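Let's take a walk through this fold together. Have the sequence and the model open side by side as you read.

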Amino acid sequence: MVGRADRLTAPDSSGAHGPDPAQGPDPDHGPDPAQALVPGLVPESELERRLARDPVLLEGWAWGTPRQGHPEGSVGVHVGDLLRTIEEWGEVGDRRSELRLLALVHDSLKFQVSNRLPKAGRNDHAVRARLFAEDYTDDERLLSTIEQHDRPYQIWRRLRRAGRPDERAFARMLESVPDLSLFLRFVELDGSTAGKNPEPVDWFRGELRRRRPV
Ligand SMILES: [Fe+2]
Ligand SMILES: [Fe+2]
């Protein structure tokens with residue numbers, strides 16, 4: 001397995017923000033399939049180019065139609081929204097590379113989840129996404145963020161139903177996330193798209209501030 005430094009922080013020699021024209025889609029073979037599925041996706045590193053060719057991700061990005069919480073439809077369009085927001089936020093350097101990787105992978109295994117089984121363990125899209133990402137990075141900060149990315153929302157929903165927070169679930173989540181700053185930034189990013197209720201992210205940010213500074 002290649003370490004994080006080799007896989008995430010080596011942008012193209014053309015610069016972190018721009019594509020290398022030499023690596024662009026071959027005009028003889030039509031539009032790039034990844035770019036057709038993820039609007040605005042221009043890979044910024046060799047790692048992103050490998051992800052954009054991965055048949056599992058291509059299938060995952062194509063999955064999904066407009067539904068509650070995701071009026072945009074497919075996972076790929078959602079990912080494109082997140083990439084655009086990362087750009088709008090002006091993220092650069094490692095944080096930009098890391099948020100982009102998280103955006104590309106975090107929801108992309110939804111197509112493998114069975115609606116007939118409980119959405120837990122290997123039938124949880126976030127767990128499946130983590131297992132997928134382990135082929136690309138061994139950085140636990142990234143892997144745990146992928147695996148836990150919907151946990152704040154789930155805990156918030158349980159809080160709304162039960163009237164009190166599940167302290168053990170919250171503590172378990174915090175224990176498994178080694179980089180809370182990155183985790184919160186990604187939760188904010190994922191919750192920033194149209195159709196998402198801002199309340200769970202606001203609640204999570206407030207809880208973190210109350211419990212331990214980020
Ligand atoms: Fe998700
Ligand atoms: Fe998402």
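Helices here are DSSP runs of H or I of at least four residues, strands are runs of E of at least two, and both are numbered from the N terminus. On that count the protein has 12 helices and zero strands. Keep in mind that this is a predicted model, where local features need pLDDT of at least 70, side-chain atom pairs count only at pLDDT 80 or more, and totals for chains, interfaces and linings use all residues. Residues are numbered from 1 along each chain as its sequence is written.

How much of the protein is buried? Of its 214 residues, 34% count as buried, meaning that 20 or more other C-beta atoms, placed from the backbone, lie within 10 Å of the residue's own. As for contacts (C-beta atoms, placed from the backbone, within 7 Å), take those with a separation of 6 or more: residues 24 or more positions apart account for 60% of them.

Now look at α5. Just after α5, Gly 90 takes a positive phi of about 75°.

One of those covering helices, α4 (residues 55–62), packs on α5 (residues 75–89) at about 95°, with the axes 5 Å apart; axes are lines fitted to C-alpha atoms, for helices over the stretch in contact, and angles run from 0 to 180 degrees between N-to-C directions. That makes α4 roughly perpendicular to α5, the word for angles of 65 to 115 degrees. Gly 60, Trp 61 and Ala 62 of α4 meet Val 75, Gly 76 and Val 79 of α5.

The run from Ser 97 through Glu 98, Leu 99, Arg 100, Leu 101, Leu 102, Ala 103, Leu 104 and Val 105 is buried.

Finally, go to α8 (residues 140–148) and α11 (residues 180–190), whose axes come within 10 Å and cross at roughly 40°. That makes α8 oblique to α11. Arg 141, Thr 145 and Gln 148 of α8 touch Leu 182, Phe 183 and Phe 186 of α11.

Methods:
Chains are lettered from A and ligands numbered from 1 in the order in which they are written. A residue is buried if 20 or more other C-beta atoms lie within 10 Å of its own, exposed if 12 or fewer, and partly exposed in between; C-beta atoms are placed from the backbone. Angles under 35 degrees count as roughly parallel, over 145 as roughly antiparallel, 65 to 115 as roughly perpendicular and the rest as oblique. Two residues are in contact if their C-beta atoms, placed from the backbone, lie within 7 Å.
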